[in-house]
Amino acid sequence: MAEILSIEDVTVRFGGVTAVSGASLSIGQGELIGFIGPNGAGKTTLMRVITGVVQPQQGRVLLAGRDMANWSVSRRVRAGLALAQQIVQPLHDMSLLENVTLAVGMRHTASPLLSLLHTARGREQTVARELLARVGIGDAADALPATLPLGFLKRMEVARALALQPKLLLLDEPLAGLNQQEARAMADLIAELSRQGQTILLIEHNLREVIRICPTLYVQDNGKPLAFGQTQQVMADPAVRRAYLGAAA
Amino acid sequence: MLSVELFVQGIVQGSIYALIALGLTLVYGLLRILHVAHAALFTLGAYIGVLVTNQTGSLPLALAAAALFAGFVGMAIYKLAYEPLLSRPPYIALIASIALFIASEEIYRITFGPYGLSFVDPPLQGQIQLFSGFYLKHGEVLVIGLSVTLLGLLAWLSSSTRTGIAWRATVTDPEIAQACGVNIQSVRYLNFFIGSALAAIAGVLVALLNNLVEPTMGSVPSYKALAIIVLGGLGSIRGTLLAAMALGVIEAFGTIYIGRMLDRDAIAFAFLIAVLMVRPRGLLGAR
Amino acid sequence: MAYEITLLTTMAISVLFALSLNFISGFCGQISLGHAAFLGTGAYTSALLTKASVPFLLTLPLAAMTAALLGVLVGLTSLRVRHDFLAITTMGVAFLFVGIVRQQDFLGGEIGVSGIPPTGLGRVGFLILAISLAAAFAAFSLYVRRSWMGFVFKSIADNEDVARLLGIDVPRYKLAAFVVGTAVAGVAGALYAHHFRFLAPDSFGFIESVSVLAMVIVGGIGSVWGVAFAAAILSVLPLMFQFVNDFKLLLYSALLFAMMRFSPDGVAGLVRRFLVTGPRNRG
């Protein structure tokens, strides 16, 4: 199985605080891995290391075998990384369709000169419509983001990330803020994408849905890796139970 | 010896900058508006200062009148000009503010004439000798003394009274303060009042130092104060005070030593750009 | 007739200048309060060259190049500082430009540059050149807005962090916007120099920078037609208010304020609202 992403012994410190310490994780082609941990576990920080917003003091992150150190965010995206963010950030002046179309057209947007030489958007719009339909919001394609509820925007984020045809899809708390029914539908969508062969790293608080759809789990607590393996085994691990029950108590 | 003199001159100028720029920081902290028209209140204060002094002969009365009147005009500007524009992109309020400022200069020119006003009997014209060969005008002593007193008073009020603490909390983090039950609207009015009053007092002090009030005397402060709050870190009160003093001193030395290459304004902005290249969010801005 | 030609030439140069700022601020969302510095760079370059007997038409590309060179420098700062910090940094550029030019003898210092030779095109020829350049850049702007470049600019103006996440190399696009916008401002400067035949450093300072930003915003930021219209009108408005000479600046500023207060999306917004509500009123 080809390695898509491997995180090797990553440590991040902010001033005197160690946010992530010695994190290691690898994701193979077509895998769906759930990344969980109690609040303050350093999930967001590790995610930012992957996208390149935060630089680690130690360790490496490899995408398809290439070290991404010092790569800009846009370069990582072009190399095959895509992110759907926890806090949805649609481009507000554009319809959902335009939001996704811009991502589909990444071939045209690779450099200013290329972008200047192309005007036609028809083909990209067709693909974008298909993607919006695939995540279940095809009807809202022409609406502006401000007029839509959160559930739609969360799905748009996923469609926009898929539009980049990523080797690895990073989903940062895609269920957060959704009601139980919406969360379940979104989880089903993620499972479906995985079945279609998409490699996914899912960072999520909603333990029930994560356990339901993810065959593999990676658990982090207090910035340190706690467990990594098959979902059933990880959830049976006393250390994991303690971290969660401890956090709940 | 020259360097001490330049340093003191820099502190005098820096104190004036601090009084003007503080109000701008208060406005920016709450509304994210670059309030160029703030300098209109500086000029207004100067006119009121000269007019009241000439009528009554009392400088303290003039200072109080200038502060009060400008304070209320500042509140009116918020209500009539900025409040309706808060939901718009910030450059809309910026252009509106610049328009207000130009209009104010024209109103002063049309009302008071283009050549300016002076004190009939200029107060505080004496000098004191600090040490041999080094004199300080009474007016300059007043500038430093009054700035320190007013800013100290503000610091004390904001740390030891209930209203003051609520006010400071709001300036630091409007959203959290609102969640804690602070009435944001009244804090905004208060900020405009305090900021405008301080700018007006700075206006009276400058009128005193130059013995002249002109319609265009606000044009330099209008942009210089913006440079100062950006230098300080936009919204940081301590940063603003630090930047005001630093700029005052750097300009004082700069005009002597590199004045041949760059004029005063250019020195200020060269310094600003240099600082921003190293610290893109200003001296004390959040990283 | 001579007066009308002067008026029209002034309008055409202002339209070109305002559209050049619209490219940076309207399309790419980078607000600049120092755009007059690039007008000045082009104006001084062209004036000094024609005084040294270089043919006027040849100075146009050279003026564009020097202005764009300065534009790249300012563009580089825009990669480091953002939003209001950038606005004030660009304002600093205007003051630095004036401050430096004032102290340089070879640029005429405080006195400025006079005796700029005529272009050899004649007044009408020069007017036609100015109008053609303004029209050509307006057409180019309209094209860019339809292209993928315009699409990318719109995303950067909206939220540059999101643009990065969509694989867009934001710094390169910002620099491209600065290069195009400042080069065209340089060309406008070359026209300016040979229209007025006299340059003073203060003509390229903060006030001029604010006036051109006001043209862009009054027109409706990003709208090519709106900005061209506003630039044409606002550039000659003070002349039209000549009959109320003493109050012309007051009137100008009052209009500007009223526009921001009651129609913040500019002339383009006014027209759009009219077109939207118009048919409903009729029906």
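Good morning, everyone; across the interface of chain B and chain C, the rule for salt bridges, which asks for a side-chain nitrogen of Lys or Arg within 4 Å of a carboxyl oxygen of Asp or Glu, finds 0 of them. Before I go on, please keep in mind that this is a predicted model, in which local features need pLDDT of at least 70 and side-chain atom pairs count only at pLDDT 80 or more, while totals for chains, interfaces and linings use all residues. Residues are numbered from 1 along each chain as its sequence is written, chains are lettered from A and ligands numbered from 1 in the order in which they are written, and side-chain values use heavy atoms, with hydrogens and water left out.

Let me stay with the interfaces. Contact here means heavy atoms within 4.5 Å, and of the 2 pairs of chains that touch, chains B and C have the most contacts. That contact takes 45 residues from chain B and 34 residues from chain C, and the area buried between them, meaning the accessible area (1.4 Å probe) that two parts lose on being put together, summed over both, is about 3600 Å², with 78% of it coming from carbon and sulfur atoms. On the chain B side, B:Y91, B:I95 and B:M277 lose the most area to chain C, and together they make up 16% of what that side buries.

Between chain C and chain A, the buried area is about 2600 Å², of which carbon and sulfur atoms give 66%, and the contact draws on 24 residues from chain C and 32 residues from chain A. Here too the count is 0 salt bridges. Chains A and B, by contrast, do not touch, and their nearest C-alpha atoms lie 12 Å apart.

Next, one helix, where helices are DSSP runs of H or I with at least four residues, and strands are runs of E with at least two, numbered from the N terminus. Is helix α3 of chain A enclosed or open? Because 8 of its 9 residues (96–104) are buried, α3(A) is largely enclosed by the rest of the structure; buried means under 20% relative accessible area, exposed means over 50%, and partly exposed is in between (1.4 Å probe, protein chains only). The buried residues of α3(A), including A:L96, A:N99 and A:V104, pack against α5 (122–134) and α6 (150–162) of chain A together with α6 (148–158) of chain C.

For contrast, look at C:F274 in helix α12 (residues 266–282) of chain C, which counts as exposed because its relative accessibility is 56%. Its C-alpha atom is separated by 46 Å from that of C:G112, 162 residues apart along the chain.

Finally, the largest pocket. A pocket is found on a 1 Å grid over the protein atoms alone, as an open set of points where a 1.4 Å probe fits, with protein on both sides within 12 Å along at least five of seven lines, and lining residues have an atom within 4 Å of a point. About 1700 Å³ of space lies in this pocket, a volume being the space filled by probe spheres set on the points, which are joined across faces, edges and corners. Of its 47 lining residues, the closest to the centre are A:D93, B:Y91, C:G26, C:A157 and C:I221. Which helix gives the most to this lining? That is α6(C), with 7 residues.
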